[in-house]
Amino acid sequence: MNYKPFLTLISILIYTSALPAESPVPNSAAEARPLMVGATVPDSTVKSLKGNDKSLKKILMGKKSVLIFYRGDWCPYCNTHLADLAKVEGDLRKQGFQIIAISPDSPTELRKTHDRNHLTYKLYSDSTAEAMKSFGVAYRLDDPTFNMMSSKYNVNLERSSGHAHHILPVPSVFIINTNGKIVYVHTDPNYKVRLKGAELMEAVAKLK
């Protein structure tokens, strides 16, 4: 009797069981557990405005960075937040910082945000939610909320991201040093609460 197929199957099962299980995505913003100060930024793949794959860790390493997670072009609070941060971008650049903003939007949707707000900092697409999960800011909308957003506010998350995962980020701001360490975090499950540009500058000043 040929035992090779059985041994191969057993090997696959052992290997699969040994792999670390991916943490489930929380079902509410309040249950999200963002990375905290002192953590090293994890790697993940995001897409540029042109749709090219980029390593987020490579984007961040070696540079002082302000990393923003926002919900999408459809969110007026997000657009106000991005525009407000653009006002302090010049001051941040003088201090050696880059601004990176990430959302579940597809590259096409990112372009709308970029052009409307006349942004000069980089936007990246995390339509697969890989980066959101790795930073602990991801949560999944329940069906009633998803349906309400669609029917009441005409927000089509599946069209925006190109995926049916219904995952959004808790709006968050991470300040990251040149070694890839998180040195400041602002996050709030209430999507209306955002870190203002002036507050960001205050946080940066305290890090010196």
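Biologist: Where does His-118 lie?

Modeller: This is a predicted model, and in it His-118 is placed in the loop between helix H5 (107-116) and strand S5 (122-125).

Biologist: Why does His-118 count as exposed?

Modeller: Its relative accessibility is 66%. The term exposed applies over 50%, so His-118 falls in that class.

Biologist: Which other residue has a positive phi although it is not a glycine?

Modeller: Ala-129 is one, with a phi of about 70 degrees. Ala-129 sits in the loop between S5 and helix H6 (130-134).

Biologist: How do you know whether Ala-129 is buried or exposed?

Modeller: Ala-129 has 0% relative accessibility. Buried means under 20%, so Ala-129 counts as buried.

Biologist: Turning to the cysteines, how many disulfides does the structure hold?

Modeller: The number of disulfides is 0. Cys-75 is in none, and its nearest cysteine sulfur belongs to Cys-78, 3.0 Å away.

Biologist: What makes Cys-75 buried?

Modeller: Its relative accessibility is 0%, and the limit for buried is under 20%. Cys-78 is also at 0% and is therefore buried.

Biologist: How many aromatic pairs does a search of the whole structure find?

Modeller: There are 4 aromatic pairs. One of them is formed by Tyr-77 and Tyr-191, with 5.5 Å centre to centre and 70 degrees between the planes.

Biologist: What parts of the chain does the pair link?

Modeller: Distant ones: Tyr-77 is in helix H3, while Tyr-191 is in the loop between strand S9 (182-187) and helix H9 (197-206), 114 residues apart from Tyr-77.

Biologist: Why does Tyr-77 count as partly exposed?

Modeller: Tyr-77 has 35% relative accessibility. Under 20% would be buried and over 50% exposed, so Tyr-77 lies in between. Tyr-191, at 33%, is partly exposed too.

Biologist: What makes Arg-71 a charge that sits over the ring of Tyr-191?

Modeller: The charged end of Arg-71 is 4.0 Å from the centre of that ring. The distance limit is 6 Å, with a further limit of 35 degrees from the ring normal. Arg-71 is listed as sitting over the ring of Tyr-191.

Biologist: Which residues do ring pairs link into a cluster?

Modeller: Phe-69, Phe-135 and Phe-174 are joined in this way.

Biologist: What volume does the largest pocket have?

Modeller: Its volume is about 270 Å³. It is lined by 13 residues, and the closest to its centre are Arg-71, Trp-74, Met-149, Tyr-153 and Tyr-191. H7 supplies the largest share of that lining, 4 residues. By class, the lining of the largest pocket holds 11 nonpolar, 1 polar and 1 charged.

Biologist: How many cavities of 30 Å³ or more does the structure hold?

Modeller: There is 1 such cavity. The largest cavity contains about 70 Å³ of space. Among the 13 residues that line it, those closest to its centre are Pro-104, Leu-157, Ser-161, Ile-167 and Leu-168.

Biologist: Which helix gives the most to the lining of the largest cavity?

Modeller: H8 does, with 4 residues. Helix H8 (157-161) and strand S7 (167-169) each supply at least two. The lining of the largest cavity divides into 5 nonpolar, 5 polar and 3 charged residues.

Key. Residues are numbered from 1 along each chain as its sequence is written. This is a predicted model: local features need pLDDT of at least 70, side-chain atom pairs count only at pLDDT 80 or more; totals for chains, interfaces and linings use all residues. Side-chain values use heavy atoms; hydrogens and water are left out. On a 1 Å grid over the protein atoms alone, a cavity is a set of points where a 1.4 Å probe fits but cannot get out, and a pocket is an open set with protein on both sides within 12 Å along at least five of seven lines; lining residues have an atom within 4 Å of a point. Grid points are joined across faces, edges and corners, and a volume is the space filled by probe spheres set on the points. Ala, Val, Leu, Ile, Met, Phe, Trp, Tyr, Cys and Pro count as nonpolar, Asp, Glu, Lys and Arg as charged, and the others, Gly among them, as polar. A disulfide is a pair of cysteine sulfur atoms within 2.5 Å. Buried means under 20% relative accessible area, exposed over 50%, partly exposed in between (1.4 Å probe, protein chains only). Rings of Phe, Tyr and Trp (its six-membered ring) pair if their centres lie within 6.5 Å; planes under 30 degrees apart count as stacked, over 60 as edge-to-face and the rest as tilted.
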